[in-house]
Amino acid sequence: MAALRVATGAGNWFSALALGVTLLKCLLIPTYHSTDFEVHRNWLAITHSLPISQWYYEATSEWTLDYPPFFAWFEYALSHVAKYFDQEMLNVHNLNYSSSRTLLFQRFSVIFTDALFVYAVYECCKCIEGKKAGKELTEKPKFILSVLLLWNFGLLIVDHIHFQYNGFLSGLMLLSIARLFQKRHMEGAFLFAVLLHFKHIYLYVAPAYGIYLLRSYCFTANKPDGSIRWNSFSFVRLISLGLIVFLVSALSLGPFLALNQLPQVFSRLFPFKRGLCHAYWAPNFWALYSALDKVLSVIGLDDKRFGSAVPAHSPSLGDSLGHSHLHSDRHLGPRGFLRCLILCALSSFMFGWHVHEKAILLAVLPMSLLSVGKAGDASIFLILTTTGHYSLFPLLFTAPELPIKILLMLLFTIYSISSLKTLFRKEKPLFNWMETFYLLGLGPLEVFCEFVFPFTSWKLKYPFIPLLLTSVYCAVGITYAWFRLYVSVLSDPPVGKTKKQ
């Protein structure tokens, strides 16, 4: 506490939070890492050793390059630093290569690029209103938001144990959101266009960006009731937005268009031959669907009676998100945009094709911004985050990481609930009895999966049971949070009918 007072007195509490989490990331360097570690090492080798014409054809390793061109160039830039650590990691034929220097380089590359995420969080904190701020620093919305983002449990274990670059990419998204809050629309559009060419999963939230920019930037005036003044449409602004998208796309895809390789690039980016569900079912609608289908088949009610077990196609991006996008035009302010962005991300997680469990972070991180504004949003955030974070536990299946993930999860969850309860202490409780009972149920589930099931006779015959239970149980909570968020989007009044956005 003394250190916190010193930091507060100097006006450097944000720096103290950022430095603290950076030190924690350094402590996680020796921990387990997944096959994604080899994936990114192989991409370093591909982009460093081969000409651009071979990047999206190289298939020596099963971990082929399947991210957009900007991320390939990002790996290319990193490779020119990596060669000073260990040249052997840049050999395409050194499959599953690992050394202490390779480990240090790749771990520190994630930590270093997280600087963009830290800056984005700082900018987002500027967009938070302080009307609920208490006297104590720890009760201020900006402080709470900083902790919820910088110390996010999901990012810590996915990036700094499992191994990925989500912090850097999430930083781009949060920075683009902050720019839209600050009415710097062109910057926000540019940052999001760049982000799309780093990782195409962000296409899920592109409709929210497109409609918001069209509604709030291309239309320059509103009627007194907040509705569109149709004659205020600016073709110049529309063309300027289109030009940003075109130039960024040309810079990214242009070289491959010149090489006549766009079909090959797109075949890598969108591998539709993969199944509807990932090996470990993401906790979404399809997990519930698949579990129900399995139960029906076991009791003899198979698909011949109730229809095909696997649908011909999953709902498309437009099908699953259409209502939220059509509804978003009446939410003229940036908070309405943010709400619809989160709904886009969560709807795509719920109904998308071959969704990975890590994609829940696409909704959890921006939801943090809403959580410090309204009690209802805080409640949805806590249910979504607690359930979504627990669903990531199977990513870390090695014994040494068990106490780490449990301790970090407990610390983050306890802080999230206690800080938001304090912030909204004058309002109704954040959870009802049913929600409390459900969240407490995660404890017995963890005890069974980690400490009971391994010692049962089922372990050899049904090794998938812990994954199945985790996926289905978490799917219930995430579906509930999605439903509550959807209702809030439909029921919230437009900006023109509220006192202040």
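Start by selecting residues 304-321. In this predicted model, pLDDT stays under 50 over that stretch. The model still gives residues 304-321 29 contacts beyond four places in sequence. Next, select residues 323-329, where the pLDDT is also below 50. That stretch has 14 contacts in the model beyond near neighbours in sequence.

Now colour the whole chain by pLDDT. The mean is 88, and 87% of the residues reach 70 or more.

Switch to a cartoon view. How many helices and strands are in the chain? There are 24 helices and zero strands. The chain has 501 residues, and 53% of them count as buried. With a surface drawn, the chain exposes about 23100 Å², of which carbon and sulfur atoms supply 68%.

Hide the surface and go inside. The largest nonpolar core has 146 residues. Select Leu-174, Ile-177, Phe-198, Tyr-209, Leu-384 and Leu-420, which touch the most other members of this core. Then highlight helix α17, residues 334-351: this helix gives the most to the core, with twelve residues. In soluble globular proteins, nonpolar side chains tend to be buried together.

Zoom in on Leu-174. Which residues does Leu-174 touch, not counting those up to four places away in sequence? They are Phe-117, Ala-120, Val-121, Cys-124, Leu-149, Pro-366 and Leu-369.

From Cys-124, move to Cys-127. The cysteine sulfur closest to that of Cys-127 belongs to Cys-124. The structure as a whole holds zero disulfides. Cys-127 is buried, with a relative accessible area of 17%. For another cysteine, select Cys-26, which counts as partly exposed because its relative accessibility is 30%.

The last stop is Lys-358. Find this residue in the loop between α17 and α18, the latter covering residues 361-371. Is Lys-358 buried or exposed? Lys-358 is buried, because its relative accessible area is 13% and the cut-off for buried is under 20%. Show what surrounds the lysine: leaving aside neighbours within four places in sequence, Lys-358 is in contact with Asp-36, Val-158, His-162, Gln-164, Leu-392 and Leu-395.

Terms used:
Residues are numbered from 1 along each chain as its sequence is written. This is a predicted model: local features need pLDDT of at least 70, side-chain atom pairs count only at pLDDT 80 or more; totals for chains, interfaces and linings use all residues. Side-chain values use heavy atoms; hydrogens and water are left out. pLDDT is the predictor's confidence in each residue, from 0 to 100. Contact means heavy atoms within 4.5 Å. Helices (H or I, at least four residues) and strands (E, at least two) are DSSP runs, numbered from the N terminus. Buried means under 20% relative accessible area, exposed over 50%, partly exposed in between (1.4 Å probe, protein chains only). Accessible areas come from the Shrake-Rupley method with a 1.4 Å probe; for residues, only the protein chains shown count as cover. A nonpolar core is a set of buried Ala, Val, Leu, Ile, Met, Phe, Trp, Tyr and Cys residues joined through side-chain atoms within 4.5 Å. A disulfide is a pair of cysteine sulfur atoms within 2.5 Å.
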